[in-house]
Amino acid sequence: MKKRWFALAMSVVMAASLLAGCGSSDPGDASKDPGNEVAGKVYYLNFKPEQDAQWQELAKIYTEETGIPVTVTTAASGTYEQTLMADMAKSNPPTLFQVNGPVGLANWKDYCYDLADSDVYGQLISDNYALKDGDAVLGIAYVIESYGIITNKTLLAKAGYSMEDIQSFEDLKKVAEDITARKDELGFAAFTSAGMDGSSDWRFKTHLANLPIYFEYQDEGIGSTEAIKGTYLDNYKAIWDLYINNATCDPSELAGKTGSDAEAEFINGEAVFFQNGSWEYGALTADGALSDNDLAMIPIYIGAGDEANQGLCTGTENYWCVNNAASEEDIQATLDFLNWCVTSEVGTKAMCGGEDAMPSGDAGMNFVIPFQGALESTNLFVKQDQEMLAAGKAPVSWNFPTMPSEEWKNGVGSALTAYAAGTGDWAAVVTAFVDGWASEYAALNG
């Protein structure tokens with residue numbers, strides 16, 4: 001691991017020296033005035049495939065307004081860290097990239113420009129959305145999201161149930177197993193496929209795995225650990241069993257199922273429940289496939305904690321970082337672009353979303369953004385999260401940014417896949433979760 005990071009560091013240093021040799025005079029505020037000569041460029045390595053089209057459109061608009069070239073490249077789902085490492089070693093690395101929180105920042109902080117004096121940092125509504133190293137501001141959150149179990153209320157009603165019937169894990173289990181028992185009669189399953197290919201496995205090795213970590217952290221009164229105990233892994237098993245045994249496909253098929261498969265199954269009315277997040281809202285309602293009247297999001301219940309007062313999983317793992325190895329002109333161009341995204345009418349509408357939020361007629365990104373210029377969200381799942389907060393339900397915090405590494409996630413994912421296929425047992429999942437955590441943490445922090 002250390003050799004890999006040494007090689008990456010050398011590559012970035014070489015790239016920085018090349019860029020420094022190409023520098024021109026300080027552009028000052030020229031990039032903000034399309035009537036002046038402009039300098040610098042922006043290269044954004046985007047983390048979120050589901051928002052690629054919107055970022056491409058926004059980049060084009062900004063370039064047309066200012067003359068500053070903005071290039072957006074989007075990493076394939078589940079490959080961001082590998083893509084970032086490869087791109088940082090190139091002669092023209094990203095000027096704008098992303099880390100997922102404190103663990104991600106630990107890997108990349110040597111390449112993060114201090115944003116403390118930037119305009120975009122001044123737009124944040126709270127320092128809670130900044131990643132700091134001492135007084136240095138090295139990352140800024142740009143979206144707050146929620147995830148849970150998206151529910152088709154129309155299908156649920158056809159099965160004879162309402163949202164009020166699901167207030168706990170036991171309630172969810174009862175409803176799901178009854179739907180499975182009547183699957184042929186009803187014409188739909190309880191859950192979409194829990195696909196474990198790279199476009200989908202993050203939903204379970206990361207987002208679902210957050211639940212047992214969250215409840216353990218709550219018990220221990222901690223926010224991170226070098227050695228997870230696995231106190232709630234029986235609960236993790238219970239919800240995983242519920243997903244894979246009451247779905248649109250046999251558990252043995254999950255290794256080849258994709259995120260697009262699950263999304264299509266839900267849109268086509270093949271399943272009542274679909275674990276995913278507020279970022280899915282645009283895809284589910286596009287072209288009138290589903291309406292707000294059809295949809296709701298419920299908490300992911302695993303039979304732990306105070307379920308009557310549990311909310312959605314709400315937080316962020318999306319922090320913008322500016323590459324300090326870029327030229328002075330490119331850094332300034334990148335800072336100007338970020339500030340435009342969160343202060344201009346075009347940028348804020350595109351990020352916050354809504355009907356015809358973008359000039360193309362696209363509904364936008366449907367983000368909740370932690371900036372002063374944020375617009376009220378039209379995203380149903382965001383509204384439901386806010387309603388739960390207002391009702392006193394406690395959101396489940398996002399603790400997966402404290403997972404020790406991508407290798408750890410992959411180990412858990414492989415063990416989950418083997419268990420579902422019947423080629424592995426649950427003990428292997430526990431080993432990957434607990435022993436894998438300790439060994440990865442030690443390897444990266446030794």
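Which radius of gyration does the protein chain have, and what would a compact globule with 446 residues have? The protein chain has 22 Å, which agrees with the value near 22 Å for a compact globule of that length. The radius is taken over C-alpha atoms, and the globule rule is 2.2 Å times the number of residues to the power 0.38.

Before you click further, two notes. This is a predicted model, where local features need pLDDT of at least 70 and side-chain atom pairs count only at pLDDT 80 or more, while totals for chains, interfaces and linings use all residues. Residues are numbered from 1 along each chain as its sequence is written, and side-chain values use heavy atoms, with hydrogens and water left out.

**Stop one: the whole chain.** Colour by secondary structure and you'll have 18 helices and 12 strands to look through. Those are DSSP runs numbered from the N terminus, with helices being H or I of at least four residues and strands E of at least two.

**Stop two: the surface.** Buried residues make up 53% of the 446; buried means under 20% relative accessible area, exposed over 50%, and partly exposed in between, counting protein chains only.

**Stop three: Asp 287.** Select Asp 287, in the loop between helix 13 (281-285) and strand 9 (295-298). Is Asp 287 buried or exposed? Asp 287 counts as exposed because its relative accessibility is 84%. Check its phi too: it is near 60°, a positive value in a residue other than glycine. Most residues other than glycine have a negative phi.

**Stop four: Asn 366.** Next, go to the loop between helix 15 and helix 16 (380-390) and pick Asn 366. Asn 366 also has a positive phi, about 60°, although it is not a glycine. Its relative accessible area is 7%, so Asn 366 is buried.

**Last stop: Ser 344.** Finish in the loop between helix 14 (328-343) and helix 15 (345-352), where Ser 344 sits. With a relative accessible area of 14%, Ser 344 is buried. Show its side chain and follow it to the backbone nitrogen of Gly 347, which it reaches at 2.9 Å.

Key. Buried means under 20% relative accessible area, exposed over 50%, partly exposed in between (1.4 Å probe, protein chains only). A polar contact is a pair of N or O atoms within 3.5 Å; within protein, one must be able to donate a hydrogen and the other to accept it, and residues adjacent in sequence count only if both atoms are side-chain atoms.
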